[in-house]
Amino acid sequence: MSSPKESRSQASTAVSVENTSEVDESTKPDFIYGGPFIKVEKPNPFIDTATPINLQLQGTFKKSFAYYSLRERMPVILTKVIDYLSREGNKIKTKHGATDEDVRSLIQYINKLKNDLITNKKYDPLTVDTPEARNWNKWIEETDSQCYFLNTWVFTECYVYRRLREGCELTNGLQNFDPFDEQKERSFQNSLEPMCVVAEKLTTMLQNGDKDKRKADFVTLLKICLWANKCDLSLSMGEQVSLKSDVLNNDANKTTTPCMGTIDPFQMILDLKDKVLVDESSKIYDRVIAKAEVMAKAISAEPEVQSVSSEKGSPTASPPVEEETKEGEELPKIPCPSKMTTPDAVMFDIVCDNAGYELFSDLCLAHFLIAQEIVQKVRFHVKKIPWFVSDVTPNDFKYVIESCRTADYKKEMALEIQPEAPEGEAPENARSVLNADTLRQLGEAWTKFLEDGTFVVMCDDFWTSPHVYKDMKKYDPNLYRKLQFAVAVLFKGDLNYRKLLGERNCNPTLGFEAALQGFMPAPLIALRTVKADLICGLPKGKFEQLNKFDEKWMEKGDYGVIQFCPKSEALKPSDRPCAEYGAECRGVVCAQH
Ligand SMILES: O=P(O)(O)OC[C@@]1(O)O[C@H](CO)[C@@H](O)[C@@H]1O
């Protein structure tokens, strides 16, 4: 991962916003009146501070990561897409059946987008005509500030990725083009080694063991998932991120390491122990187990209803039987999702972040929860469109599982000889081979889980909207309700964390529950390596201490948090029409039809 300092020098393409908006826009004459220019003094919107406490992150605060990101990082990300289109134009055209004109017009579109961003223009409305795009235009209209640097950082970033998508949508041949596919695939291939290491250990965790081991394994997997969040191509502006950290394999006190010279995510957990600033993993395990048991009991106490699958992502949802009912004939007993208060399965939800190694780690945790019979189903929430460079899309999901299923990797490793071992006496297995056999088996198992509905992939539009999570109920009450059926919802990564906290720079000691501002569809878990300048739940004094040590500590992903809010809103029958079937819903549980 490139450090912000390095990144700053890489960002040669970024034009200074100060040269454009800050100086020109705020001081240039607005109109000519009777001959000479009349200088209109506008207040300069830019302030030379970090984000003040309790305000939302935005590009107006010149000492904030938001300002730096919009000014330096985002233009580089867009430039790299243009480079990709220019460099691999022929390959891309062949893959998508696109024309030269498609590629040319997309490049032109991205160039304008980049230019508008760095000159702090007003957002253009989307021009594609879909309900989702119309919603975006409404949200743009409703925002207080419609300029790139003057709105919240999260709104502008989401808007840029949505516009990038529109650039593709407006072409004939590049509608399914993912500007980041190459980077994501390379990142997966570069992570085969740690995946093989984790795969081998995971198989030992899937077997039945005693309760303490099960808890320890759960906690370990949470931490594997946490540090996997370092592998984010947005922060690194598309540069490949290595899991190898300086602390790895450098410890003089170590005796035998199982994978010397290998990237070992389990060793990484030990090495980075002190970098986990809040660790509620033990509490998370206890509450997840307790809640899952209560839920399983409630499900088995429910009267038998016609079993339906959950294709559409609602708790039991599948379309009602479409047969004509003759007069007097009893309607089929199909539960109406809007009236149900118990799901048909004990479910755990993961709101995914990055593809590649991070998604692999999420799949490992999910597999563990299933194999240990803690839950019966895991729902993965992914992004419908390419997002923040490396976020998981449905295609990435398939790619990762298929690539695990067919992975090919082999590495011979020498085990380190313990210093205290008598000379010449190497341990028996001084060499061992790491290969992808177990990884392939996992890929097979996950393919089956997808086929039989144990794993469900969902991609609601809300995840690619600019809204923060306290507003989910208002903008997408159906998604909110779907989440309410989960035993717990795990939010991965930094962007999710920002949205959980409402993109607000709250006091770092504010508790996680208060920071959520009422967003409590289910017990919530946040796993995040710190890559943006906001945080909550820190012990008193810790924030100041870390700042003294390194004032850029929040921008590098070197620290992590594992936070938990056990509280959740009780699930009541909805007073809205059935979201899944509307007027078609004829289930006996549904009071409306
Ligand atoms: O969500 P992720 O992948 O953990 O991180 C996303 C991220 O890289 O992108 C944003 C900047 O674009 C930052 O908030 C954050 O650092």
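Axes here are lines fitted to C-alpha atoms, for helices over the stretch in contact, and angles run from 0 to 180 degrees between N-to-C directions. Helices (H or I, at least four residues) and strands (E, at least two) are DSSP runs, numbered from the N terminus. The structure is a predicted model, in which local features need pLDDT of at least 70, side-chain atom pairs count only at pLDDT 80 or more, and totals for chains, interfaces and linings use all residues. Residues are numbered from 1 along each chain as its sequence is written.

**First stop: two helices**

Select helix H9 (residues 192–206) and helix H13 (residues 357–371), whose axes come within 10 Å and cross at roughly 5°. The two helices are therefore roughly parallel to each other (angles under 35 degrees count as such). Next, display the residues in contact (C-beta atoms, placed from the backbone, within 7 Å): H9 contributes Pro194, Met195, Val198, Leu202, Met205 and Leu206, and H13 contributes Tyr357, Phe360, Ser361, Cys364, His367, Phe368 and Ala371.

**Second stop: the sheet**

Select the open sheet of 7 strands, ordered S1-S9-S8-S7-S2-S3-S6 with mixed pairing; two strands pair if DSSP finds at least two bridges between them. At its edges are strand S1 (276–279) and strand S6 (455–458), each pairing on one side only. Neighbouring strands of this sheet are turned by 15° against each other on average, direction ignored. Helix H12 (residues 281–301) packs on the sheet and touches S1, S7, S8 and strand S9 (560–565), with its direction at about 145° to that of S7. Within the sheet, S2 and strand S3 (residues 377–381) pair in the parallel sense over 5 bridges. Zoom in on Phe348, which stands opposite Val378 in S3.

Following H18 is Gly502, whose phi is positive, near 70°.

**Last stop: two domains**

Colour domain 1 (4–178) and domain 2 (185–301 + 344–415 + 427–454 + 477–565) separately; these bounds come from an automatic or database domain assignment. Their contact takes 20 residues from domain 1 and 22 residues from domain 2. On the side of domain 1 that touches domain 2, helix H1 (4–10), helix H3 (65–87) and helix H7 (153–169) each supply at least two residues. The largest share of that side, 5 residues, comes from H3.

Note on methods
Parallel < 35°, antiparallel > 145°, perpendicular 65-115°, else oblique. Contact = placed C-beta atoms within 7 Å.
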